[in-house]
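Please consult the sequence and the coordinates while reading.

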Amino acid sequence: MVTIKKLKLKLKSGLLSELQSDTIFGHFAWRFKEYHDEKLNDFLEFFINDNPIFTISDGFFEKHFWDENREEVIDKVMYFPKPLKLTPPKFINNNKKERLINFIKQKERKGRTLITLEELNYFLRNDMENFEKSIEQPLTKPPKFEEDLRVSVEIDRNTLKSKEGNLFSYHPKYLDDDTFIVIYIKILNNEKFNEYECENILRDVFEIGYGKKKSSGYGQFEVLSFEDFNGFEESSEPNGFISLSHYLPSNNDKVNEGYYDINVKYGKFGEEKSNSHNPFKPPILLLKPGSCFLTDERKDFYGRVIKSVSDYHPNTIHNGIAFTLACRF
């Protein structure tokens, strides 16, 4: 039986890496190696052989809204990427005023990059009238990262003093106290998920540190909860799906038509492989969350794993299997 879990996180320090599904899975694999070194290849074989134990989404926002006295949380709003398949504008020969109003509404719809859970469920059920009416309204204080500037200096290992002219800068991202990160996990094989202690490993990914400069304290999270989530109202008669992950299509997905945006990733190996002769991955093209596809193949997951990503590290894989939700277009 397929179950969906919701992992809720509070950011405790600056974040220097994007919370993208394939990067999260890469961190998971390194932590898995610490738990079950001798079982890592067996674990990865499930994903390579098109039989994943779970799929995982990108990281999304959840924001708490308080009453006027900040004594009680009156609303908790979850946010998702706006679907990239929208109803095309209707060019009706109305009078000038109506055409201008329709143009402004269309522009407002295009300007929205986030939608709420309620709006996502409208889309999943193909209730496009309510969906489009809702996204014409601007979001109330939409969540976002705030960037800061940090400057560091390189230290000479011989003199233990700073090197002259070797300053470098970076831009960590922060969240306010009312905004949290949420990641969704679709468990496809509960027995193996529990056997491999996947929940504990996922918690460690964020408690130990995520992304760049985690050894310096960046990318630190507090895990607030890991619980069942039943809030998605997927179509009972789907003819396609929306991806909430960075997705790499497979021939087995039998996609007929797609509405998507791309992200070309120039990745780097982590942990001890970051110090190897060539720590860089070749460019990999993935499709962004919010991408929508029509298909005759109804599955609990879509996407594939790339094997032999690098000639220098031939056993390395890249996971492009996506967390998807069934839609009716």
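The points below cover the chain, its cavity, a pocket, and selected residues.

The model is predicted: local features require pLDDT of at least 70 and side-chain atom pairs count only at pLDDT 80 or more, while totals for chains, interfaces and linings use all residues. Residues are numbered from 1 along each chain as its sequence is written, and side-chain values use heavy atoms, with hydrogens and water left out.

**Overall chain**
- The secondary structure comprises seven helices and 19 strands, where helices (H or I, at least four residues) and strands (E, at least two) are DSSP runs numbered from the N terminus.
- Of the 329 residues in the chain, 47% are buried; buried means under 20% relative accessible area, exposed over 50%, and partly exposed in between, with a 1.4 Å probe and protein chains only.
- Among contacts with a separation of 6 or more, 75% join residues 24 or more positions apart, a contact being heavy atoms within 4.5 Å.
- The chain exposes about 18200 Å², of which carbon and sulfur atoms supply 46%; accessible areas come from the Shrake-Rupley method with a 1.4 Å probe, and for residues only the protein chains shown count as cover.

**Cavity**
- One cavity of 30 Å³ or more is present in the structure; on a 1 Å grid over the protein atoms alone, a cavity is a set of points where a 1.4 Å probe fits but cannot get out, a pocket is an open set with protein on both sides within 12 Å along at least five of seven lines, and lining residues have an atom within 4 Å of a point.
- The largest cavity holds about 30 Å³ of space, a volume being the space filled by probe spheres set on the grid points, which are joined across faces, edges and corners.
- Its lining consists of F25, F47, F54, T55, I56, N319 and I321.
- Strand β2 (residues 54–56) provides the largest share of this lining, three residues.
- By class, the lining of the largest cavity has five nonpolar, two polar and no charged residues; Ala, Val, Leu, Ile, Met, Phe, Trp, Tyr, Cys and Pro count as nonpolar, Asp, Glu, Lys and Arg as charged, and the others, Gly among them, as polar.

**Second largest pocket**
- About 730 Å³ of space lies in the second largest pocket. Of its 27 lining residues, F60, P81, T113, L114 and P289 are the closest to its centre.
- Strands β3 (60–66) and β4 (73–81) each supply at least two lining residues, and β4 gives the most, with three.
- The lining of this pocket has 14 nonpolar, five polar and eight charged residues.

- K5 lies in strand β1 (residues 3–11) and counts as buried because its relative accessible area is 18%.
- The side chain of K5 makes a polar contact with the side chain of D228 at 2.4 Å; a polar contact is a pair of N or O atoms within 3.5 Å, where within protein one must be able to donate a hydrogen and the other to accept it, and residues adjacent in sequence count only if both atoms are side-chain atoms.
- Leaving aside neighbours within four places in sequence, the contacts of K5 include I183, Y184, F226 and F229.
- S250 is placed in the loop between β12 (240–243) and β13 (255–259), and is buried because its relative accessibility is 14%.
- The side chain of S250 reaches the backbone nitrogen of N252 at 3.1 Å. Beyond neighbours within four places in sequence, S250 is in contact with G303 and R304.

**Helix α7**
- Within helix α7 (residues 198–208), the residues C198, I201, L202, D204, V205 and F206 are buried.
- Just after α7, G209 adopts a positive phi of about 140 degrees.
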